[in-house]
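Please examine the sequence and the structure before reading on.

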Amino acid sequence: MTDNEITYEIRGAIFDVYNELGPGLLESVYEEALSFEIQKRGLTVERQLDVPIIYKGNTLKSPLRVDLLVEKKVIVEIKSVEEMKGVFWKQTLTYIKLMNLHVGLLVNFSSNCIKEDIHRIVN
């Protein structure tokens, strides 16, 4: 599958989770539900995957984790916040770069309109 096809399926899964659960729950709840929905669509999902950081040839010990990695191609970062901060975009883009990927989705489930709070981030 292409990145576009994968992100299309993920967006559909996001809509299903949002329509079923609504806004305002913990990020961990959305992560589990979204993982389930994505797998239902026949895609592979890894949760809480370590983000490798290589600095001058050294692999650093890092607490960084990506919420979801779909088909080993697309990162999904999940938020459930009142206000999206610029740092969320920066973190997601940095994760994409560190993992040598091309695309990620940043989603805020604490939204009144989920369609407006799914952001595609491209490296």
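**Exercise 1. Determine how D16 and R41 are joined, and which parts of the chain they link.**

Solution. Step 1: D16 forms a salt bridge with R41, and the closest N and O atoms are 2.8 Å apart. A salt bridge is a side-chain nitrogen of Lys or Arg within 4 Å of a carboxyl oxygen of Asp or Glu.

Step 1: The pair links distant parts of the chain, since D16 is in helix 1 and R41 is in the loop between helix 2 and strand 1, 25 residues apart. Helices (H or I, at least four residues) and strands (E, at least two) are DSSP runs, numbered from the N terminus.

Step 2: D16 counts as partly exposed at 34% relative accessibility, and R41 is partly exposed with a relative accessible area of 28%. Here buried means under 20% relative accessible area, exposed over 50%, and partly exposed in between (1.4 Å probe, protein chains only).

A note on the basis of these values: this is a predicted model, in which local features need pLDDT of at least 70, side-chain atom pairs count only at pLDDT 80 or more, and totals for chains, interfaces and linings use all residues. Residues are numbered from 1 along each chain as its sequence is written, and side-chain values use heavy atoms, with hydrogens and water left out.

**Exercise 2. Which residues are linked with E9 and R41 in a network of salt bridges?**

Solution. Step 1: The side chains of E9 and R41 meet in a salt bridge of 3.6 Å, N to O. Because E9 lies in helix 1 and R41 in the loop between helix 2 and strand 1 (45–50), the pair ties together parts that are 32 residues apart in sequence.

Step 1: E9 is partly exposed, with a relative accessible area of 24%.

Step 2: The network of salt bridges links E9, D16, E37, K40 and R41. A search of the whole structure finds seven salt bridges.

**Exercise 3. Describe the salt bridge between R65 and D50.**

Solution. Step 1: In this salt bridge, the closest N and O atoms of R65 and D50 are 2.8 Å apart. R65 lies in strand 4 and D50 in strand 1, so the pair ties together parts that are 15 residues apart in sequence.

Step 1: R65 is partly exposed, with a relative accessible area of 37%; D50 counts as partly exposed as well, at 45% relative accessibility.

**Exercise 4. Which members of the largest nonpolar core touch the most other members?**

Solution. Step 1: A nonpolar core is a set of buried Ala, Val, Leu, Ile, Met, Phe, Trp, Tyr and Cys residues joined through side-chain atoms within 4.5 Å. The largest one has 22 residues, of which I10, L34, I38 and F109 touch the most other members.

Step 1: Two or more residues each come from helix 1 (3–21), helix 2 (27–40), strand 4 (65–70), strand 5 (74–79) and strand 6 (103–108). Helix 1 gives the most, with six residues.

Step 2: Leaving aside residues up to four places away in sequence, I10 touches L34, I38, V70, V74, V76 and L105. Contact means heavy atoms within 4.5 Å.

Step 3: Another core, of 12 residues, lies apart from this one, and its members include L69, I96, L101 and L106.

**Exercise 5. Is S110 buried or exposed, and which residues does S110 touch?**

Solution. Step 1: S110 is placed in the loop between strand 6 and strand 7 (118–122).

Step 1: With 16% relative accessibility, S110 counts as buried.

Step 2: Beyond residues up to four places away in sequence, S110 touches P23, G24, K79, S80, V81 and E82.

**Exercise 6. Summarise the protein as a whole.**

Solution. Step 1: The protein has three helices and seven strands. Along the sequence they follow the pattern α-α-β-β-β-β-β-α-β-β.

Step 1: The C-alpha atoms fill a box of roughly 45 × 30 × 20 Å, taken along the principal axes.

Step 2: Buried residues make up 41% of the 123 residues.

Step 3: Among contacts between residues at least 6 apart in sequence, 58% join residues at least 24 apart.
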